[in-house]
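This report describes one protein structure.

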Amino acid sequence: MQRGIGAFVLHGSIVKNAVLQHIRLVNPLARTLMRHESTSAARMEEHGFESAKISDILKGKGKSADGSWLWCTTEDSVYDAVKSMTQHNVGALVVVKPGEEQSIAGIITERDYLRKIIVQGRSSKSTKVGDIMTEENKLITVTPDTKVLKAMQLMTDNRIRHIPVIDEKGMLGMVSIGDVVRAVVSEHREELDRLNAFIQGGY
């Protein structure tokens with residue numbers, strides 16, 4: 001999946017560059033007004049998918065962005081954590097210490113359940129989340145200001161599918177690789193529309 005995501009981003013960049021090349025070679029106005037073209041292209045680049053941030057994804061997720069039902073505690077059983085994932089159709093939960101909902105202690109994912117419970121033949125009902133979670137000091141996190149493409153790179157390079165979003169006040173929510181891919185697809189589509197409008201004289 002990671003290779004597919006990387007190929008998608010590369011393909012989007014190739015398409016964008018090809019359109020810009022078309023502007024330079026075909027559009028007579030662009031040939032005679034190179035300064036205007038540079039300014040307009042720079043403006044499009046500024047507002048393109050490269051500028052999208054994690055905060056944009058959280059806003060798009062609406063009420064689910066606050067993470068209020070996406071957490072469990074270190075003392076919860078793995079069984080209850082997995083049950084919560086199933087009920088809410090998510091692949092990971094943020095783990096907090098009891099009574100400290102804004103202080104992240106780690107993260108538990110479906111992968112943790114498979115590798116540390118199923119494969120090892122352990123009981124999910126008698127094993128605590130804190131025993132199998134990825135601890136906070138090993139977590140890869142992002143902030144609301146992190147660029148979407150940077151988050152995608154982090155997730156791809158580290159082969160993870162979920163990444164917590166934090167700021168100086170604590171936990172804000174969680175984004176998945178699916179959230180990131182949808183954001184990139186949307187931004188690519190919007191940017192190509194802007195480039196097309198530029199070719200047609202809409203800028």
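Which residues in helix α4 (residues 54–61) are buried?

## Helix α4

Ile 54, Ser 55, Ile 57 and Leu 58 are the buried ones. Because these residues fall within an arc of 155° when seen down the axis of α4, they line one face of the helix; the arc is taken from the directions from the helix axis to the C-beta atoms. The face turned away from that buried side carries exposed Lys 59 and Gly 60.

Buried means under 20% relative accessible area, exposed over 50%, and partly exposed in between (1.4 Å probe, protein chains only). Helices (H or I, at least four residues) and strands (E, at least two) are DSSP runs, numbered from the N terminus.

## Basis of the model

The model is predicted: local features need pLDDT of at least 70 and side-chain atom pairs pLDDT 80 or more, while totals for chains, interfaces and linings use all residues. Residues are numbered from 1 along each chain as its sequence is written, and side-chain values use heavy atoms, without hydrogens and water.

## Salt bridges

The whole structure has four salt bridges (a side-chain nitrogen of Lys or Arg within 4 Å of a carboxyl oxygen of Asp or Glu). One of them joins Glu 75 and Lys 128, at 2.8 Å from N to O. Glu 75 is in the loop between β1 and α5 and Lys 128 in the loop between α6 and α7, so the pair ties together parts 53 residues apart in sequence.

## His 162

His 162 lies in strand β5 and is buried, at 16% relative accessibility. Beyond neighbours within four places in sequence, its contacts (heavy atoms within 4.5 Å) include Gly 91, Ile 107 and Met 174.
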